[in-house]
Amino acid sequence: MIIGAHSIVYSMSPEADRAFLRDVLKLPSVDVGGGWLIFGLPPAEVAVHPSDRNDVHEFYLMCDDVEAFIASMQKANITCGPVQNQGWGLLTQVRLPGGGHLGVYQPRHGRPKPMAVKSARRKAAKRPSRATRKPAARRKARRAQR
């Protein structure tokens, strides 16, 4: 039933933060139109913590070695906050180009195995009709059918 998770980072400078995710963190992405990038992430997990209110959510990236992560960010002139030992992990904050912060931590808690996901059914992208295809595209389509 569940095939993945979609996280959202709100930003006052989304283009700069998208470039950071693409160029510095090297996350794979797909442009879904007009430069609007959707980024692939490694396996994820979710935890539910007690709170006095609902609808409060946080997003963190995890790494194997927080000190090595900070060193790689420094080489890219990206500012990270000091490492905080939270018990459950070693946490830093990355200053995003858009002005926001993104938590990154080295987990020290138990980690679940990634959820097995059955192949998601994807709707086939609509191909342009034969009449609207350009001549070169028509020739290429004919060669592919041979």
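A nonpolar patch lies on the surface of this predicted model, formed by Met1, Ile2, Ile3, Met115 and Val117. Together these residues have about 630 Å² of accessible area. Accessible areas come from the Shrake-Rupley method with a 1.4 Å probe, and for residues only the protein chains shown count as cover. Patches are made of residues with over 30% relative accessible area and no salt bridge; like charges are joined within 9 Å, and nonpolar side chains (Val, Leu, Ile, Met, Phe, Trp, Tyr) within 5 Å. A salt bridge is a side-chain nitrogen of Lys or Arg within 4 Å of a carboxyl oxygen of Asp or Glu. Val117 is found in the loop between strand 6 (101-107) and helix 3 (135-145). Helices (H or I, at least four residues) and strands (E, at least two) are DSSP runs, numbered from the N terminus. Val117 has 42% relative accessibility, so this residue counts as partly exposed. Buried means under 20% relative accessible area, exposed means over 50%, and partly exposed lies in between (1.4 Å probe, protein chains only).

Residues are numbered from 1 along each chain as its sequence is written, and side-chain values use heavy atoms, with hydrogens and water left out. Because the model is predicted, local features need pLDDT of at least 70 and side-chain atom pairs count only at pLDDT 80 or more, while totals for chains, interfaces and linings use all residues.

Four strands form an open sheet in the order 3-6-5-4, with mixed pairing. Strand 3 (60-62) and strand 4 (84-85) stand at the edges. Each has a single partner strand, so one side of each is left without a neighbour in the sheet. Two strands pair if DSSP finds at least two bridges between them.

Strand 5 (residues 89-95) pairs with strand 6 in the antiparallel sense, over seven bridges. Val94 has Leu102 in strand 6 as its bridge partner. Leu90 stands opposite Gln106 in strand 6. Strand 5 and strand 6 form a hairpin with five residues between the strands, where Gly99 takes a positive phi near 105°. Strand 5 is mostly covered, with five of its seven residues buried. Strand 6 is also mostly covered: five of its seven residues are buried. In a regular strand, side chains alternate between the two faces of the sheet.

Strand 4 and strand 5 run antiparallel and are joined by two bridges. The bridge partner of Gln84 is Leu91 in strand 5. These strands also form a hairpin, with three residues between them. Gly87 in its turn has a positive phi of about 90°. Met62 has Tyr105 in strand 6 as its bridge partner.

Helix 2 (residues 66-75) lies across strand 5 and strand 6. The helix runs at about 15° to strand 5. Axes are lines fitted to C-alpha atoms, for helices over the stretch in contact, and angles run from 0 to 180 degrees between N-to-C directions. Contact means heavy atoms within 4.5 Å.

The count of salt bridges comes to two. In one, Arg22 meets Asp23, with the closest N and O atoms 2.7 Å apart. Arg22 is partly exposed at 36% relative accessibility. Asp23 is partly exposed too, with a relative accessible area of 39%. A salt bridge also joins the side chains of Glu45 and Arg111 (2.8 Å, N to O). This pair links distant parts of the chain, 66 residues apart. Glu45 lies in the loop between strand 2 (37-39) and strand 3, and Arg111 in the loop between strand 6 and helix 3. Glu45 has 29% relative accessibility and counts as partly exposed. Arg111 is partly exposed, with a relative accessible area of 46%.

Positive phi values also occur outside glycine. Asp55, a residue other than glycine, has a positive phi near 60°. Asp55 is found in the loop between strand 2 and strand 3. With a relative accessible area of 69%, Asp55 is exposed. Asn77 is not a glycine either, yet has a positive phi of about 60°. Its place is in the loop between helix 2 and strand 4. Asn77 is exposed, with a relative accessible area of 70%.
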